[in-house]
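Please open the structure in the viewer and keep the selection tool at hand. The stops below are given in the order in which they may be selected.

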Amino acid sequence: AVANVPGAIATIKGGTYSSDNWYAIKNLGTMEIDGAVTVQKADGNTNTASLIDNGWYGNQANDTLGGTHYPATAGGSAKLTIKSGDFTGKSGAKSCSVVKNDDYGVLEISGGTFDSTNNTGTSDAATLLNYGTADISGGTFTGQYPISNGGYGNASDPCVINVSGGTFISKGGSITGSGGGAGGGTSALNITGGTFEGGIYKTDAYAINISGGKFKDATGNAEGITRADGKVLVKDTDGYYTLQGAVAQNTATGEYYTTLGAAVAATTAGNTITMVADSNEGAFTISRNVTIDLNGKTVTEIGVITISAGTTTVKDSSDPSTGKIVLTQSDGDHVVDVINSGTKFVLDGGTLYSSVNTILAVHDSAEATINGGAIDAANPNGSVAAYAYGGGKVTVTGGTLHAYKDGALTASTNGALDIGQA
């Protein structure tokens, strides 16, 4: 084993280090590990000590080096820098970490592989266990809990981990574990970068703050986890989630999307898409049963919303109702184009508005029902609120329809209107 006392400077650039009964490396001074370094437990060893301990444990047995006890002092620090190396832990009990950053420990890791997969303990088998201050900008961390942080948050145990890079792979489903403590104070995991293959789960021990990084799932969207600028984790085309400004959420799956069109494209039949922010959209097509809750938000549309199959229902759960779909410009003639036999559009709430085009066109034997909300065709040169033709049918049971110049409702070429109350 290697032991570095307070005030001493040690540099490890190569070799294999192992210990049967204690830490393989104990640092109370300043140490750098960089090179072809291997630190591991001996084959068959079941000792529960961490591979590396940086800082003070807090008792005489663990802070005695070479027969001399070195007690912690307020304001002291042990600094360990790891730039490369291979670190593998193995133990038959819990709390065997590969790297433990202890009281007054300052840890910086920019590279290396850290693996506690062989730890057979079933609870709190951590790859990195932190009670001091740890800055992680690189390296690969694999295990049941790649990151475990304390919750003491005081001068000797600030319990702060800052992750700006690196890869974290959980073999137990959760990236984050707890090293004890009641939480509060400075205790925090701050994520600004890195790749995370596993769940980010809130514990009572420390705060979790996300402002960057790539995540394999969206567990970081859970209540109690702080995300920068009100953003949420949204799935990218590569299958990973990144922090983005979402505008829509599938309430059945909890998934967020950056456009309404993307949310509709990813939904399964019968789901509800709820707007969570105003959005700017291009043209898109709806071809399955879906409910769109405007939720008081404004969808600004450049292009046509084509409804080609299934039943699309638009509603607005906000009170008072302020949600709307607005067409600012279009290559087509309509805001909403409902086509094909068996296709249905239902307006239960919210407003469809355009100052440039006819708003709702229903044709090719499709149907539309207006139960509530409003359709406002405000083109001063003339446009229609709802237009049925080619076997299309519009039924009005409620709501408000307005046209600036032309008729609010128009039917032609085998179109049909069924007007109850509007």
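The tour visits the salt bridges and then the cavity.

This is a predicted model, in which local features need pLDDT of at least 70 and side-chain atom pairs count only at pLDDT 80 or more, while totals for chains, interfaces and linings use all residues. Residues are numbered from 1 along each chain as its sequence is written, and side-chain values use heavy atoms, with hydrogens and water left out.

**Salt bridges**

A salt bridge is counted where a side-chain nitrogen of Lys or Arg lies within 4 Å of a carboxyl oxygen of Asp or Glu. The structure holds six of these salt bridges.

Select Lys26 and Asp63 to begin. Their side chains form a salt bridge with an N to O distance of 3.1 Å. The pair links distant parts of the chain, 37 residues apart: Lys26 belongs to strand 3 (residues 25-27), and Asp63 to the loop between strand 5 (52-54) and strand 6 (64-65). Strands here are DSSP runs of E with at least two residues, numbered from the N terminus. Lys26 counts as buried at 0% relative accessibility, and Asp63 counts as buried at 2%; buried means under 20% relative accessible area, exposed over 50% and partly exposed in between, with a 1.4 Å probe and protein chains only.

Next, select Lys83 and Glu32, whose side chains meet in a salt bridge of 3.7 Å, N to O. Lys83 sits in the loop between strand 8 (78-82) and strand 9 (86-88) and Glu32 in strand 4 (residues 30-40), so this pair ties together parts that are 51 residues apart in sequence. Lys83 is partly exposed at 38% relative accessibility, as is Glu32 at 24%.

**The cavity**

Which residues line the largest cavity? Select Ile286, Ile292, Ile305, Ile307, Thr312, Val314, Ile325, Val336 and Phe345. A cavity is a set of points on a 1 Å grid over the protein atoms alone where a 1.4 Å probe fits but cannot get out, and lining residues have an atom within 4 Å of a point. The count comes to one cavity of 30 Å³ or more, and the largest cavity has a volume of about 50 Å³, the volume being the space filled by probe spheres set on the points.

Finally, highlight strand 32 (298-307) and strand 33 (311-315), each of which supplies at least two residues of this lining.

Key
On a 1 Å grid over the protein atoms alone, a cavity is a set of points where a 1.4 Å probe fits but cannot get out, and a pocket is an open set with protein on both sides within 12 Å along at least five of seven lines; lining residues have an atom within 4 Å of a point. Helices (H or I, at least four residues) and strands (E, at least two) are DSSP runs, numbered from the N terminus.
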